[in-house]
Amino acid sequence: MAACTVYSTQSLKTNCFISTPSSKTHYGFHHKQIVLYTTSKRHNKRVNNPYVITCAASDSQTVVIGLAADSGCGKSTFMRRLTSVFGGTAEPPRGGNPDSNTLISDTTTVICLDDYHSLDRTGRKEKGVTALDPRANDFDLMYEQVKAIKDGVSVQKPIYNHVTGLLDPPELIKPPKILVIEGLHPMYDARVRDLLDFSIYLDISNEVKFAWKIQRDMAERGHSLESIKASIEARKPDFDAYIDPQKQYADAVIEVLPTELIPDDNEGKILRVRLIQKEGVKNFSPVYLFDDGSTISWIPCGRKLTCSYPGIKFAYGPDAYFGNEVSIVEMDGQFDRLDELIYVESHLSNLSSKFYGEVTQQMLKHADFPGSNNGTGLFQTIVGLKIRELYEQIVASRSESPVKAAKA
Ligand SMILES: Nc1ncnc2c1ncn2[C@@H]1O[C@H](COP(=O)(O)OP(=O)(O)OP(=O)(O)O)[C@@H](O)[C@H]1O
Ligand SMILES: O=C(CO)[C@H](O)[C@H](O)COP(=O)(O)O
C-alpha cells in the first residue's frame with residue numbers, strides 16, 4: 001500500500017487529493033481504489049503497483065467523537081441518547097460475538113475502548129495493574145485502527161469480553177459516518193486525541209459516582225456495600241492519574257455534583273449539573289441562556305414550571321477551565337413535569353435543534369433513561385444535538401470545498 005493520505009468527498013468521485021506531490025502524477029477513482037497515473041490521463045496508461053492505493057476511498061471521511069468517563073458514569077446512557085438523535089436504533093454487529101461491546105446504527109458506530117485492553121483479567125491480576133493503567137492498554141493499535149477507520153478503511157478490532165474477562169477473536173468494523181470511541185482513555189494518547197473531531201468528558205463527582213454504583217451494583221448486581229466501596233477506592237489512584245486529567249482536553253464536560261439547594265445534602269439524589277463548553281472549537285458554538293456572554297442566575301419555578309422542594313436553579317456565564325475560555329450552563333434540581341421543560345428550552349439559545357421543542361421531545365421520548373428529570377439528561381441531549389450539527393457542518397464544508405476540507 002502506498003504511503004499517502006487520500007481524501008475524497010461525495011461530490012468528488014472521479015478525483016481525489018493525494019499528499020504525494022508530483023507534477024507528473026494524476027489520479028482517478030476506480031472501483032473504490034485510488035489509481036495513480038504517471039502519464040496523461042487521456043491516454044489512460046496507468047502505472048501498476050505500488051501506486052494502486054487500496055486504502056481510503058469511501059465517499060466521505062468518518063467523523064470521530066471521543067467520550068471519556070470512568071466505568072458506571074453514564075456512557076451507555078449518553079450513547080443511547082446520542083444515537084436516538086440520529087434516528088434508528090443501535091445494535092451489536094449482526095451475527096457476531098454476542099459479547100461484543102460495539103453498537104451500530106445507520107449513522108453511528110460506537111466502539112468501546114475496553115477492546116484495546118492488552119492484558120486480560122488474569123493478566124492484570126498477575127501484573128498487579130488495573131484496567132485504567134495505560135500498561136494494560138494497547139494505544140498503538142488503538143491509534144492505528146481509529147486512524148484507519150477515519151480514513152475510510154475497515155479494521156479487525158479486538159474484543160475484550162466482560163463476561164469471561166478474556167480477549168476474544170476480533171470483529172470487523174467498517175467505517176461509519178460517525179465513529180464514537182467511548183471508554184476510559186479516548187483522550188489519553190496524543191495521537192488518538194488528535195484524531196477526534198469533538199470530545200466529551202463525563203465528570204461525575206465521587207459522592208454521585210458512589211450513589212450510582214450502589215444503585216446499580218448493589219440493587220441490580222447483588223454486590224455488597226463494602227465491595228463497592230473497596231472497588232472505588234482501589235481504582236481511585238489510577239483514576240486520578242490517568243482518567244481524570246483527560247477532562248482538560250475535552251471540548252465539552254458534563255460535571256455532575258451534589259445539589260447546593262439542600263444544605264449538607266448527602267443523599268446524592270438531587271444533582272447540580274454543569275455543561276462546560278470550550279470556546280473557539282471548530283463547528284461547535286456553545287449553548288447559552290438568555291443572552292450570549294452575560295452572567296445569569298435564573299429560578300424558573302413559578303407559573304410556567306412546577307417545582308417541588310428544593311426547586312430548580314439555572315446559571316450561565318463565561319469562565320476559565322484549565323486555562324481555556326469556556327461558557328458554562330448549570331442546572332441544579334430536578335423537573336417535576338418533563339413536558340414543562342419546553343419553558344426552559346425556550347430560554348436556551350444555540351441549541352442546534354431542527355425545530356422548536358426538539359430537546360423536550362427527545363427528553364420525553366427517553367423519560368425512562370436515568371437522569372431524564374435533571375441536568376444530566378438535559379445536557380446529554382443538548383450535546384447530542386451539537387454533535388449532529390458538527391457532523392452536518394463537516395460534511396457540508398467538505399462538499400462545498402473539497403480542497404479546503406482536505407487541507408484542514
Ligand atoms: N444521569 C443519571 N442519573 C442517575 N443514575 C445514573 C445516571 N446515569 C447513569 N446512572 C446510573 O449509573 C449506572 C451506569 O450507567 P451506564 O450504564 O450508562 O454507565 P457506563 O459508564 O456505560 O457504565 P459501564 O462502563 O460500567 O458499562 C446506571 O445503571 C444508573 O444506575
Ligand atoms: O473500567 C472498566 C471499563 O469498563 C472495566 O473495569 C475494565 O474494562 C475491566 O473490565 P472487567 O472488570 O469486566 O474485567
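Guide: Let us begin with arginine 135, which counts as exposed because its relative accessibility is 62%; here exposed means over 50% relative accessible area, buried means under 20%, and partly exposed is what falls in between, with a 1.4 Å probe and protein chains only. Before going further, please keep in mind that this is a predicted model, in which local features need pLDDT of at least 70 and side-chain atom pairs count only at pLDDT 80 or more, while totals for chains, interfaces and linings use all residues. Residues are numbered from 1 along each chain as its sequence is written, chains are lettered from A and ligands numbered from 1 in the order in which they are written, and side-chain values use heavy atoms, with hydrogens and water left out.

The partner of arginine 135 is aspartate 133, and the two form a salt bridge whose closest N and O atoms are 2.7 Å apart; the term stands for a side-chain nitrogen of Lys or Arg within 4 Å of a carboxyl oxygen of Asp or Glu. Aspartate 133, at 4% relative accessibility, counts as buried, whereas arginine 135 is exposed.

Another brings together aspartate 217 and lysine 213, with 3.6 Å from N to O. These two residues are four apart in helix α5, which spans residues 206-218, so about one helical turn separates them; helices (H or I, at least four residues) and strands (E, at least two) are DSSP runs, numbered from the N terminus. Aspartate 217 is buried, with a relative accessible area of 6%, and lysine 213 is buried too, with 10%. Salt bridges also link Glu255, Glu260, Arg272, Arg274 and Glu330 in a network.

Over residues 64-262 the chain is 33% helix and 23% strand, and the C-alpha atoms at the ends are 40 Å apart.

Phenylalanine 290, in the loop between β15 and β16, has a phi near 65°, which is a positive value in a residue other than glycine, and phenylalanine 290 is partly exposed, with a relative accessible area of 39%. Asparagine 350 likewise has a positive phi of about 65° although it is not a glycine; asparagine 350 sits in the loop between β19 (348-349) and α8 (358-365), and at 35% relative accessibility it counts as partly exposed. A cis peptide bond, with omega about 5°, joins tyrosine 309 and proline 310, and proline 310 has its place in the loop between β16 (296-298) and β17. Strand β17 itself covers residues 312-321 and contains alanine 320, which is exposed, with a relative accessible area of 56%.
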